[in-house]
Every structure is written in structure tokens, then in C-alpha cells.
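Welcome! Take a moment to look over the chain below before reading on.

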Amino acid sequence: MPGRRPARPASVGFVSLGCPKALVDSERILTQLRAEGYLISPTYRDADLVVVNTCGFIDAAVEESLQAIGEALSENGRVIVTGCLGARTEPDGERLVRRIHPSVLAVTGPHATEQVLEAVHTHLPRPHEPFADLIPPAGVKLTPAHYAYLKIAEGCNQSCTFCVIPSMRGKLVSRPIGEVVNEAERLVRQGVRELLIVSQDTGAYGVDLRYRTDFVNGRPVRTDVRNLAFELGRLGAWVRLHYVYPYPHIDDLVPMMEQGRILPYLDVPFQHAHPRILKLMRRPANAERNIDRIRAWRAACPALSIRSTFIAGFPGETEAEFEALLEFIRQAQLDRVGCFAYSPVQGAAANDLPEPIPEPVREERRARLMQVQAEVSRVRLAARIGSVEQVLIDQTTPEGGIGRTRFEAPEIDGVVRVNAGAALTVGQFYDVRLTGADEHDLSAVPSETETLVNGAGGSL
Ligand code: SF4
């Protein structure tokens, strides 16, 4: 029923799927909807329509997104689809979502706040009275109050053969550094203690702007990742960098980590270690010297924690090439590793490569890689037992809380379970002594006497 005006305040339901970049898109849309006076409904029943922000990265995500759309249609009936899956088209040009769910009201691609808003306006007229004063200055956030994802750029200039993101999200578009730092300052003023910097290719930040000079609080600053890290490091919050490809200038970030300006944490998606496979993947940056790079980074910042992701069973990968990857995993001694079995995403160039690996072999290789890493991880975490570290509490428990140190990112890495004998406060820093570890998580008790490893924080 396009144009229907409900008697009560217009209310929008929202389902947000996918990666942190999609989450930031969701936050932008929700902030704008609230600014225009729409209510956000937590249930399908009370919503006048539902927006589903989808993910289209791998087949499992496509499946989950299509199911979420189906559920929203059957529970509510009026659905607008946005996000990566929305951009997927069939060979005849028709949108995949429309083919499977023809009754959706509208479909847009990712990073399309304006189009989503237009679609909402068409099907659910704006409320008479905007409640702009209800919007917190930092916008609507879907993460807990104490950490926030900060998206610094959209899109990607690379053409990795397993990935369709550039065709869905377009070329790299960086946000000017003044705007990003401004948003970060607002978030920190709102109580955010940890900023998680995300984009498709964080190391490439500013390339599209030719590193143009912008203004940060009246000071001229060039838009590049080094200046960004430096400026964010002034704000007094934890600053964690995600999706950093090992471009040469990344070496300059490591001293800032050693000085404590930004967290000693690098999320570098290496994806493979064998030169031939990396070439087939068309990965950016010269990846052949990665072991030497890792050694140099650790020499410059001994505390550095490195997270990476890999793909096992890429088309044409021989057993010997996979073994080379395993050897890299043993030598690199990475702190946190994720591994996907290669998944032929529709539209990816890698699907046309010869000698695809059968699915059971891909899965078996993924499991073998994770087994090797589990041992690496177990030893590395055990070596931390006895040290005193600062944790940021994400969740309270009757006996203390669950949190993370500088070395663990939320949702993707392990956690620290703190047994303090009483509930701790979410969003607060505490000093703890690590007392135990398995291959993923750590346990800890309050530290009474030791000095902090890093920076300021509450003490028990
Ligand atoms: S760098 Fe490669 S994997 Fe990452 S978004 Fe760009 S094309 Fe995809």
C-alpha cells in the first residue's frame, strides 16, 4: 500500500546483517530515519515496514540474507532490501533479490543511505514532527556504547579474483580526514572507549583523494592512513586498525603502536602464502616477503598482535602449495587466524580458473590449517599467562565480566573472562593478571598491585 499514512507514529523495523562496513551503513540509515522522526521498531508486528541490510560476500551469507528477507516478508509483508546482496544481478540484468522475492517494495545496493531513505519516504510518509532532539550527537549506534566502528572509506580499487566487492561497492572513495576525525571526537565525547577503523582497504585510505590536504580542527593535515592514525591517537581512546594490506607504508604505523598511540594490533588479510596462488588471487602489495615484514614489525613493536585471514582450496592450489601455506602459518606465529574454505562467489573471476578443488578437499584443508593454528595460538596465549594487562569489559557476569585486552578485537578474536568475585562494569577498563588460557580465550583475576602495561584505566 504505497503512500499509506498510519495513525500512530511511522515505525520502521530493521534487520542488519553482514560485516562491520555494512553495520556502519545500517547505523547511518537508522540515524537518518530517527532524525526524520521515524520510530525504530524492535518487532516485525509493530513495524509499518522493514528494512533488511543484506550481505552477499559468500554463499552462506547470501542464503542467510535471502532467508531474512523471506522471514520479514512473511512476518510483516512490507520489505525494503539494501546492502551487498541487493547489488547482485542475474545474467539477464534482473536483481537476484527481486527474482527470488518479487514482492519486496524496493531493492538498493550497499552504501545507499539516500536511496533507502527515498524508498522509505515512498512507502511510509515521513512523520509530521521530526524528533531530531532524540538523536544522540554521535548518531544511532548498533554496537555497545563503549566501542564503535568508524568507516573511513567505501569501495575498493583492487581486483582480487575471489571477491566481488568492487563490483558491488564501486571504487575506493575515502572520507576527508577532517570529517573522520570529527566523527571520532564526537564518538569519544559520547563515551566510546574503543574506535575500530574499518574500510575495504584501510591502507589505501586517501589514494583516491591523492592524499589531499584537509583541515582537522583548523590544522592542515594530509588525508592518509599515517596521519589518520596519528590524529586518532590523540583522542584518548583505543584505536584499532582493521583490513590493512601490507603496503610498504604500513611499516610507518608500527612505531606508533610501539609508542602506544594506537593499539599494537594489525589485522592483515594475507589470504595465502604461496607466490603462485597470491598471483592467481591478484592480491595487492608484494606478498612474497611477508615473513620478513612480520619479523621487522615485531622487532619494532615486540607486543604487536597480528590477526589474519586465509583461503584454503583456492582453484588450482596443489597439495605442495597448501603445505607452503601451512609452513607460513607455523613460521609467522600469528596471534589470531581465520580461514575460509574457498567459496565460488557468483560473478568472481576466480570461478573461471582451471582445476577447481573439490569441496571436501577445500574443507579438509581449512580444518588442517585451523589445527596448525590452534597449536600456535595455544602456545602464544599460554606465554601471556602471568602478565598484567588492561581489559575493557564488554559484558558483565555475576562473578566479574567478559572483556578484551589491546590484543583482541570484539566479535572476531577471543575474550578474557575475569573472575573478580563481583560484577564488573561494562565499558570500564580494569587491570587484570592473566591466569589461564586455552587456544582461543584467556582467564584472569584482578591485579591489585602491578602497574599497568598501557595507559590509563580503572583499577579494581
Ligand atoms: S582488497 Fe581484494 S578482497 Fe579486499 S575488497 Fe578489495 S577486491 Fe575484495
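## A word on exposure

A residue counts as buried when its relative accessible area is under 20%, as exposed when that area is over 50%, and as partly exposed in between. Please keep in mind that this is a predicted model.

## Two residues with a positive phi

Let's start with Y211. Its relative accessible area is 27%, so Y211 is partly exposed. Y211 sits in the loop that links β9 (194-198) to β10 (213-216). Although Y211 is not a glycine, its phi is positive, at about 55°.

Now turn to E355, which lies in the loop between β15 (336-341) and α12 (359-382). E355 is not a glycine, yet it has a positive phi of about 55°. Is E355 buried or exposed? Its relative accessibility is 59%, so E355 counts as exposed.

## The fold as a whole

Stepping back, the protein chain holds twelve helices and 20 strands. Its C-alpha atoms fill a box of roughly 65 × 55 × 50 Å along the principal axes. The radius of gyration is 23 Å, which agrees with the value near 23 Å that a compact globule of 460 residues would have.

Of the 460 residues, 55% count as buried. Take the contacts between residues at least 6 apart in sequence: 75% of them join residues at least 24 apart.

## Surface and charge

The protein chain exposes about 19,300 Å², and carbon and sulfur atoms supply 53% of that area. As for charge, there are 51 positive and 57 negative side chains. The centres of these two sets lie 4 Å apart.

Conventions: Residues are numbered from 1 along each chain as its sequence is written. This is a predicted model: local features need pLDDT of at least 70, side-chain atom pairs count only at pLDDT 80 or more; totals for chains, interfaces and linings use all residues. Side-chain values use heavy atoms; hydrogens and water are left out. Helices (H or I, at least four residues) and strands (E, at least two) are DSSP runs, numbered from the N terminus. Buried means under 20% relative accessible area, exposed over 50%, partly exposed in between (1.4 Å probe, protein chains only). The radius of gyration is taken over C-alpha atoms; the globule rule is 2.2 Å times the number of residues to the power 0.38. Contact means heavy atoms within 4.5 Å. Accessible areas come from the Shrake-Rupley method with a 1.4 Å probe; for residues, only the protein chains shown count as cover. Lys and Arg count as positive and Asp and Glu as negative; His and the chain ends are not counted. The place of a charge is taken as NZ of Lys, CZ of Arg, CG of Asp or CD of Glu.
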